[in-house]
Amino acid sequence: MATPKRVVIVGGGISGLSAAFALLEPARNKQVPLQCTVVEGQDYLGGKILTNRRDGVITEGGPDSFLTTKPAALALCEKLGLSSQLINTNQEHAQTFTYSKGRLRQFPQGLISMVPTKVGPLFHGGLLSWAGVVRMGADWIIPRRARTNDEETLAEFFSRRLGSEAFNRLIEPLVSGIYAGDANELSVDATFPHLVELERKHGSLIKGALAMQRARPSQKPDAKVRTLFTTLRGGLGDLIGSLTERLSDAGVSLRRGANVREVQALGSQAAPAYRLELEAGDGLEADAVILATPAYVSAGLLRPFDDAAATLLNQIPYASTLTISMVFALPEVKHLIRGYGFVVPRVENRSLIAATWSSMKWAERAPAGQCLVRCYLGGRGREHLLDLDDAELTRRACRELADIAGIQSLPLRTEVYRWPRAMPQYTRGHRERVRRIRERIARQPGLYVTGAAYDGIGIPDCIRDAEQTSAKVTAYLWDCVP
Ligand SMILES: Cc1cc2nc3c(=O)[nH]c(=O)nc-3n(C[C@H](O)[C@H](O)[C@H](O)COP(=O)(O)OP(=O)(O)OC[C@H]3O[C@@H](n4cnc5c(N)ncnc54)[C@H](O)[C@@H]3O)c2cc1C
């Protein structure tokens with residue numbers, strides 16, 4: 001019997017679990033015995049994916065859905081036999097609002113993908129002044145930016161193309177919703193590279209978006225139509241549950257409540273191996289180690305191997321956020337809520353980044369007669385909110401729901417989820433930083449990093465990166481480890 005190849009994955013979030021899952025098939029095909037362990041510091045698996053089910057209400061502490069335009073998460077659901085459980089957003093409520101100048105105003109259709117393709121509706125909604133709409137339309141004629149190595153921030157890029165009013169009122173709240181970040185810091189090349197490309201190719205974002213619309217193949221009549229975002233009927237926790245089950249069935253050891261304190265080198269440079277010291281006092285040995293942890297954790301674990309890589313990892317800043325899920329009696333709020341919810345531009349100086357009417361957006365989130373609302377707070381520059389206690393946070397969120405949406409009643413139930421240092425910020429220089437991190441770590445055979453810190457923070461990005469990392473691990477294990 002061949003000696004098993006030993007892999008330890010640190011971090012049991014979606015990145016770590018999907019990296020483990022991606023190791024199974026190649027090992028089976030090659031008939032190589034694999035000894036894989038996922039080590040998770042918390043006493044539950046899933047990391048940011050945290051679904052709670054109670055009294056018929058399904059709340060999501062972290063992400064509530066994922067993009068369908070990036071295929072990796074859909075493909076993973078297919079492999080796990082979960083495709084039939086994927087649900088679309090409720091189409092009869094397909095509208096989003098933004099709080100602007102004292103009231104909720106409808107967001108223009110199509111803007112969710114960041115580029116307005118119809119300027120007309122903006123004239124009617126009162127979202128922008130006439131001058132702001134005209135300035136935005138000028139994107140059509142403003143020349144493309146000359147090629148340069150200078151990276152622009154999101155604020156610079158969108159203000160240059162669409163004007164500062166359109167940026168502040170339309171684009172900034174969407175960016176805050178995705179990255180919980182400050183658009184004056186985030187790099188457009190690292191966060192929305194396809195928009196930079198759109199400008200390069202078409203000379204205008206609006207022209208580019210329209211060209212893309214025309215080029216999109218028409219949907220085959222029998223194709224399963226998916227909305228831009230999807231989730232699982234029972235919540236995203238089912239993705240974690242299903243992965244966990246498949247990994248356990250395949251003999252992967254899943255250790256919860258086991259924080260990795262240190263990684264040490266064993267063996268020689270030619271045949272390296274690693275020992276992972278756990279806070280509990282025991283240790284694990286491995287031929288390959290995947291660090292699927294936040295960049296600042298990976299920095300600490302990698303420091304003994306490569307000081308410069310650790311320093312670069314520590315340069316990736318993180319934003320802290322929190323979500324508050326509230327259940328209301330439906331008759332008390334029904335007449336006040338429309339669409340999927342609303343976003344709040346930073347210029348409005350509120351605590352809320354956004355609020356989602358979860359039970360309007362998704363089916364089966366709350367029993368009949370109840371309404372589930374999810375508030376999103378915190379983010380870059382507003383991290384102090386995490387220091388407030390649950391009661392004060394709930395009071396603030398309720399006050400803003402009252403001001404903005406007119407909801408005066410008190411929630412029947414509330415759940416607060418704090419996410420300190422949760423959202424990596426792809427600031428100027430991020431892509432180059434990641435290139436250098438990967439280049440340096442590649443010099444250490446058998447050590448790998450994956451996760452939200454590098455090439456995309458969304459769930460599909462994390463899965464894709466984890467799968468690519470596992471492909472490198474298998475190539476290394478089969479070719480280089482005796
Ligand atoms: C509030 C919120 C809302 C979001 N909404 C969406 C959304 O709607 N759609 C979407 O696509 N994305 C969303 N995201 C982003 C997405 O959820 C995350 O980027 C993704 O889940 C990160 O997965 P990960 O496995 O890379 O990291 P994590 O989930 O952070 O997993 C890393 C794991 O490593 C563990 N760990 C850390 N240190 C150690 C150690 N020393 N030893 C052992 N284990 C350790 C941690 O406990 C954690 O479980 C959201 C994120 C947040 C916070």
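This is a predicted model: local features need pLDDT of at least 70, side-chain atom pairs count only at pLDDT 80 or more; totals for chains, interfaces and linings use all residues.
Leaving aside residues up to four places away in sequence, Ile290 touches Val7, Ile9, Ala19, Tyr448, Thr450, Thr469 and Val473.

Ile290 is, with Val7, Ala20 and Val289, among the residues with the most contacts inside the largest nonpolar core, a set of 139 residues. Helix 1 gives the most to this core, with 8 residues.

Keep helix 1 in view and move to the ligand. How many residues surround the ligand? There are 36, and the closest are Gly11, Gly13, Ser15, Gly47 and Pro63. Helix 1 (14-30), strand 15 (318-329), strand 19 (413-424) and helix 17 (459-480) are the elements that give two or more residues to this shell. Colour the shell by class: 17 residues are nonpolar, 16 are polar and 3 are charged.

Now colour by domain. Select 5-47, 243-316 and 426-480 together as domain 1, and 318-424 as domain 3. The ligand lies between these two domains, because both give residues to the shell around it.

The last stop is helix 9, residues 205-215. Select Leu205, Ile206, Gly208 and Ala209, which are buried. Why do these residues sit on the same side of helix 9? They cover an arc of only 165° around the axis, which puts them on one side of the helix. Then turn to the face of helix 9 directed away from its buried side, where the exposed residues Arg214 and Ala215 are found.

Conventions:
Residues are numbered from 1 along each chain as its sequence is written. A residue is buried if 20 or more other C-beta atoms lie within 10 Å of its own, exposed if 12 or fewer, and partly exposed in between; C-beta atoms are placed from the backbone. Helices (H or I, at least four residues) and strands (E, at least two) are DSSP runs, numbered from the N terminus. The arc is that of the directions from the helix axis to the C-beta atoms. A residue is near a molecule or strand if its C-beta atom, placed from the backbone, lies within 6 Å of it. Ala, Val, Leu, Ile, Met, Phe, Trp, Tyr, Cys and Pro count as nonpolar, Asp, Glu, Lys and Arg as charged, and the others, Gly among them, as polar. Domain bounds come from an automatic or database domain assignment. A nonpolar core is a set of buried Ala, Val, Leu, Ile, Met, Phe, Trp, Tyr and Cys residues joined through C-beta atoms within 7 Å. Two residues are in contact if their C-beta atoms, placed from the backbone, lie within 7 Å.
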